[in-house]
Amino acid sequence: MQPPDKIRKVLSDCNQSHLLQFWDTLTTEDQNSFVKQLNTIDFQKVNDIFNKAENSLTECAKKLDTYMKPVPPDQFESEKGVSETTLNEYRTRGLREISDNRVAVVLLAGGQGTRLGVTYPKGMYPLGLPSGKTLFQIQAERIRSVVRLAKENTGRSGRICWYIMTSQATHSATENYLKENKYFGLNEEDVVLFQQGLLPCFTLKGKIILERKDSVALAPDGNGGIYLALKENKIIEDMEKRGIKYVHVHSVDNILVKVADPVFIGYCVSKGADCGAKVVKKAYPTEPVGVVCQVHGHFQVVEYSEVTESTANLRDAEGNLVFDAGSICNHFFATDFLRTVSERHEDKLKLHVAKKRIPYVDANGEKVQPSAPNGIKIEKFIFDAFPFSRNFVTWEVPRHTEFSPLKNFEDVKKDCPSTARRDLLGLHKIYIEEAGGEVTCDEVEISPLLSYAGEKLEQRVRGKVFDTRTVLYSEEEVVSNGLCGSQ
């Protein structure tokens with residue numbers, strides 16, 4: 001069986017004919033499957049993407065120091081820098097928007113747990129918490145908790161739709177896990193999964209890599225693939241039908257994320273923002289995180305590799321770092337802004353190139369696991385839409401209350417399961433002690449269904465000492481699961 005003439009010509013025109021080098025050795029079934037995959041790829045477009053990505057490599061090598069300016073004070077506020085009155089005003093505004101069904105959450109969950117040493121989605125990873133809860137469960141329960149808070153505050157029962165962006169690698173496992181766990185108490189119709197796109201992996205010379213004799217090596221197009229995915233999966237239309245005006249977007253791996261944070265939402269809405277970013281102060285000048293700043297008058301995230309050490313160490317008259325707004329992939333978007341970017345600007349997003357070790361088949365058709373980077377993966381980043389914002393704002397939060405990512409295998413001892421667990425339980429200890437309790441054990445956990453962010457704990461903890469492994473459950477969990485209130 002010969003390859004279809006159309007496929008052969010397209011590959012020849014795009015200088016990718018090598019993809020058919022093993023065609024004659026494939027079974028008819030494998031040939032049909034391979035043609036099906038090849039037909040999903042716009043080879044001219046991906047060649048253009050490679051060329052654009054090559055140019056971005058040169059651009060990334062340039063330092064941006066002389067073009068950078070910090071976020072102006074009128075577009076920056078800090079949780080610690082505002083009064084309690086202002087904080088409550090923002091919180092009340094956010095809760096009102098939630099009660100009015102105008103808020104949605106988009107969870108970025110396309111990455112596998114490869115760096116964690118597992119092959120399933122990060123959101124399913126067993127964290128070793130006293131409750132046994134996973135990231136997916138914690139975040140779903142935080143949505144339920146903030147909806148309850150909104151009802152208590154406004155008297156109106158709202159709904160938050162949980163949109164989950166998966167990838168080809170994580171979609172089925174995520175879907176099955178949520179179904180098996182009955183969406184952790186969320187309404188099934190309010191949980192919408194959609195897949196981000198894939199891009200071929202390339203050699204350093206622009207040849208698409210064959211992962212197997214009958215399969216091109218593909219990789220997710222990065223969290224910036226959200227804009228194309230929203231458009232192609234008609235998610236924005238779904239949001240508009242539901243009356244959603246504002247969207248909180250965050251990555252799955254942050255165990256401390258305040259999902260649909262009413263303070264952040266209220267702040268952004270009060271300022272009339274179409275786009276906003278939560279930030280934390282950099283831990284030290286050369287911490288390898290991007291910083292939110294202005295470049296050529298537009299807001300963007302500048303990666304740590306794009307600035308010199310001297311600029312990273314710049315301090316103002318009060319001794320504070322000039323560029324210390326660390327990006328944590330935690331964003332606010334107006335739905336109208338998402339539509340505009342998806343329809344008008346998606347093709348203008350910057351391309352980011354990462355040199356990786358990509359498995360491939362050699363000239364003899366043997367599978368090779370390279371020991372050094374042999375190709376590139378091309379990604380888009382969600383923050384590269386910032387320059388298209390007409391009213392961008394930033395909201396600084398304390399790191400210890402809002403940011404602890406789960407990225408690495410335990411042996412790395414940083415951003416790993418033990419640090420995520422430590423940071424969550426450490427925060428819960430603070431909540432309990434602020435409510436009048438005492439914690440002498442490092443394993444006391446508060447269910448999100450009992451308290452969203454430390455509120456209304458006094459009755460349960462005041463005057464009590466927690467000295468053993470304990471989970472403080474909500475009354476609902478106690479009744480429905482036959483648990484003790486503290487277990």
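Reader: Which residues line the second largest cavity?

Author: In this predicted model, the second largest cavity is lined by M68, K282, P285, V289, V291, V302, E303, Y304, V307, T311, A312 and F323. The space in this second largest cavity is about 60 Å³.

Reader: How do the residues of that lining divide by class?

Author: The lining of the second largest cavity has nine nonpolar residues, one polar residue and two charged residues.

Reader: How many cavities of 30 Å³ or more does a search of the whole structure find?

Author: The search finds two cavities of that size. The largest cavity holds about 120 Å³ of space.

Reader: Which residues lie nearest the centre of the largest cavity?

Author: The nearest to its centre are R142, L427, H428, Y431 and Y452, and they belong to a lining of 13 residues. Helix α13, which covers residues 417–434, contributes four residues to this lining, the most of any element. By class, eight residues of the lining are nonpolar, three are polar and two are charged.

Reader: Let us turn to the packing of helices. At what angle do α4 and α9 pack?

Author: One reads the angle between the two axes, and values from 65 to 115 degrees count as roughly perpendicular. For α4 and α9 the angle is about 95 degrees, and the axes are 7 Å apart. These two helices are therefore roughly perpendicular to each other. On the α4 side, the contact is made by L87, Y90, R91, R93, G94, L95, E97 and I98. On the α9 side, the residues are P262, V263, I265, G266, Y267, V269 and S270. The residues of the contact of α4 with α9 divide into nine nonpolar, three polar and three charged.

Reader: How far apart are the axes of α4 and α5?

Author: The axes of α4 and α5 are 8 Å apart, and the helices pack at about 105 degrees. Helices α4 and α5 are therefore also roughly perpendicular to each other. In this contact, T92, L95, R96, I98 and S99 of α4 meet V146, V147, L149, A150, K151, N153 and T154 of α5. The classes here are six nonpolar, four polar and two charged residues.

Reader: Are α8 and α11 roughly parallel or roughly antiparallel?

Author: An angle under 35 degrees counts as roughly parallel, and one over 145 as roughly antiparallel. Helix α8 (residues 235–242) and helix α11 (residues 335–345) pack at about 155 degrees, with axes 10 Å apart. This angle makes α8 roughly antiparallel to α11.

Reader: Is the crossing of α8 and α11 left-handed or right-handed?

Author: The crossing of α8 and α11 is left-handed. The residues in contact are I236, E237, M239 and E240 from α8, together with T335, L338, R339 and S342 from α11. By class, the contact of α8 with α11 has three nonpolar, two polar and three charged residues.

Terms used. Residues numbered from 1 in each chain as written. Predicted model: local features only at pLDDT ≥ 70, side-chain atom pairs only at ≥ 80, totals over all residues. Heavy atoms only, no water. 1 Å grid on protein atoms, 1.4 Å probe; cavity = no way out; pocket = protein on both sides within 12 Å on 5 of 7 lines; lining within 4 Å. Points joined across faces, edges and corners; volume = space filled by probe spheres on them. Nonpolar A, V, L, I, M, F, W, Y, C, P; charged D, E, K, R; others polar. Axes fitted to C-alpha atoms, helices over the stretch in contact; angles between N-to-C directions. Left-handed = near helix turned anticlockwise from the far one by under 90°. Contact = heavy atoms within 4.5 Å.
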